[in-house]
Amino acid sequence: MQWTLSPQEIFSVSPVVPVMVIKDLDDAIPMAQALLEGGINVFEITLRSDVALEAIKLISAHFPQALVGAGTVINVEQYDQVVAAGAKFAISPGSTPKLLAHAMQNIIPLIPGTATPSEMMQALELGYDHLKFFPAEINGGAPALKAISAPLPQLKFCPTGGISEKNVAEYLKLSCVATVGGSWMLPQDLIDKKDWQQITKLTKRAVDLVNSLRK
């Protein structure tokens, strides 16, 4: 692998990776600013909207101090698109042999989504040892991840999907968890109201909570 950044570095940048769904390009800069002011400087901008690639370009240019990545990357074509947009990393909800092989030969790291031991073993065989556990809560939550990861101590995870202030502590107790992904600091109603100040407050609370749990 000739990645310009290691997955380990990505996982160590922030205790929480915010899952950002940007529907209005005008929200891109203030949303990122709110997260930065709250103490998060790594962004997963999901490809769930028509403006996602433009948002990656815009935020990357405006906030060079941030680590801007792309989420919901599901195929080789999207991987190449996010590289061209300036993303520093890519995260997928699942993993296919074609996508894993393609990313291995390219410049930005891929964090593949996995849910089963077989998927994790396949990723590990190809050299991937930092993975996304998704969707975390639907797949049994922290107890399931603890059991699955026990025979695979080489792996580190970013569990994502259904994680909130109420259950994040259960994940952070696990030695295999390096960081968590979530969107609870970005509730849609506050985005719709463009209440960036409140989003900053929620972000600070999320960072403080996760940091206190990791001590």
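A salt bridge is a side-chain nitrogen of Lys or Arg within 4 Å of a carboxyl oxygen of Asp or Glu. Keep that rule in mind for the views below, which come from a predicted model.

**View 1. D27 and K194 form a salt bridge.** Look for the closest N and O atoms of this pair, which sit 2.5 Å apart. The two residues belong to distant parts of the chain, 167 residues apart: D27 is in the loop between β1 and α2, and K194 is in the loop between α9 and α10. D27 has a relative accessibility of 6% and counts as buried, whereas K194, at 42%, counts as partly exposed.

**View 2. D24 also pairs with K194.** Here the closest N and O atoms are 3.8 Å apart. D24 is partly exposed, with a relative accessible area of 32%.

**View 3. E44 meets K132 in a salt bridge.** The closest N and O atoms of this pair are 3.9 Å apart. E44 belongs to strand β2 (residues 42-46) and K132 to strand β7 (residues 130-133), so the pair connects parts that are 88 residues apart in sequence. Are these two residues buried or exposed? Both E44 and K132 are buried.

**View 4. D24, D27 and K194 make one network.** These residues are joined by salt bridges that share partners.

Key: Residues are numbered from 1 along each chain as its sequence is written. This is a predicted model: local features need pLDDT of at least 70, side-chain atom pairs count only at pLDDT 80 or more; totals for chains, interfaces and linings use all residues. Side-chain values use heavy atoms; hydrogens and water are left out. Buried means under 20% relative accessible area, exposed over 50%, partly exposed in between (1.4 Å probe, protein chains only). Helices (H or I, at least four residues) and strands (E, at least two) are DSSP runs, numbered from the N terminus.
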